[in-house]
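Let's take a friendly look at a protein model together.

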Amino acid sequence: MSIWVWKSENRDEVKKRWSEYKYPEKIKLVGEWLDITGNRIFVLYEADDPTTMLEANDLWLDIALVDTVPVMEAKEVAKIMAEKMER
């Protein structure tokens, strides 16, 4: 999941880029949620290669702070951990 935060003075540039933006082909977009109270968007996507995440975020780094956190569904993590404990 990536959280992109921008200053209000960059709002117009963010809107412009967002209208033209296409995620890299290797990314499967799960969803996007815009914080309606501020200058922030939450983007959830799937990517097998960390360099793909870098490519997705690179366009924004000059006008936004991009915080990317690898996440998994809690049930999937619990399953993996249970399997490890069985070994």
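## The second largest pocket

This is a predicted model. In it, the lining of the second largest pocket is made up of eight nonpolar, two polar and two charged residues. You can find them in the structure: W4, W6, R11, V14, K15, W18, L34, G38, N39, I41, W60 and A64. Two elements, β1 (2–6) and α1 (11–20), each give two or more residues to this lining. The top contributor is α1, with four residues.

How much space lies in the second largest pocket? About 180 Å³.

## The largest pocket

Now turn to the largest pocket, which holds about 420 Å³ of space. It is lined by 16 residues, and those closest to its centre are L44, Y45, E46, V71 and M72.

At least two lining residues come from each of β3 (40–46) and α2 (50–58). Of the elements, β3 gives the most, with three residues. By type, the lining of the largest pocket has 11 nonpolar residues and five charged ones, but no polar ones.

## A stop at D35

Finally, look at the loop between β2 (28–34) and β3 (40–46), where D35 is found. Is D35 buried or exposed? D35 counts as buried because its relative accessible area is 14%, and the cut-off for buried is under 20%.

The side chain of D35 also makes a polar contact with the side chain of T37, at 2.6 Å. Beyond its neighbours within four places in sequence, D35 is in contact with R40 and F42.

Terms used
Residues are numbered from 1 along each chain as its sequence is written. This is a predicted model: local features need pLDDT of at least 70, side-chain atom pairs count only at pLDDT 80 or more; totals for chains, interfaces and linings use all residues. Side-chain values use heavy atoms; hydrogens and water are left out. Buried means under 20% relative accessible area, exposed over 50%, partly exposed in between (1.4 Å probe, protein chains only). A polar contact is a pair of N or O atoms within 3.5 Å; within protein, one must be able to donate a hydrogen and the other to accept it, and residues adjacent in sequence count only if both atoms are side-chain atoms. Contact means heavy atoms within 4.5 Å. On a 1 Å grid over the protein atoms alone, a cavity is a set of points where a 1.4 Å probe fits but cannot get out, and a pocket is an open set with protein on both sides within 12 Å along at least five of seven lines; lining residues have an atom within 4 Å of a point. Grid points are joined across faces, edges and corners, and a volume is the space filled by probe spheres set on the points. Ala, Val, Leu, Ile, Met, Phe, Trp, Tyr, Cys and Pro count as nonpolar, Asp, Glu, Lys and Arg as charged, and the others, Gly among them, as polar.
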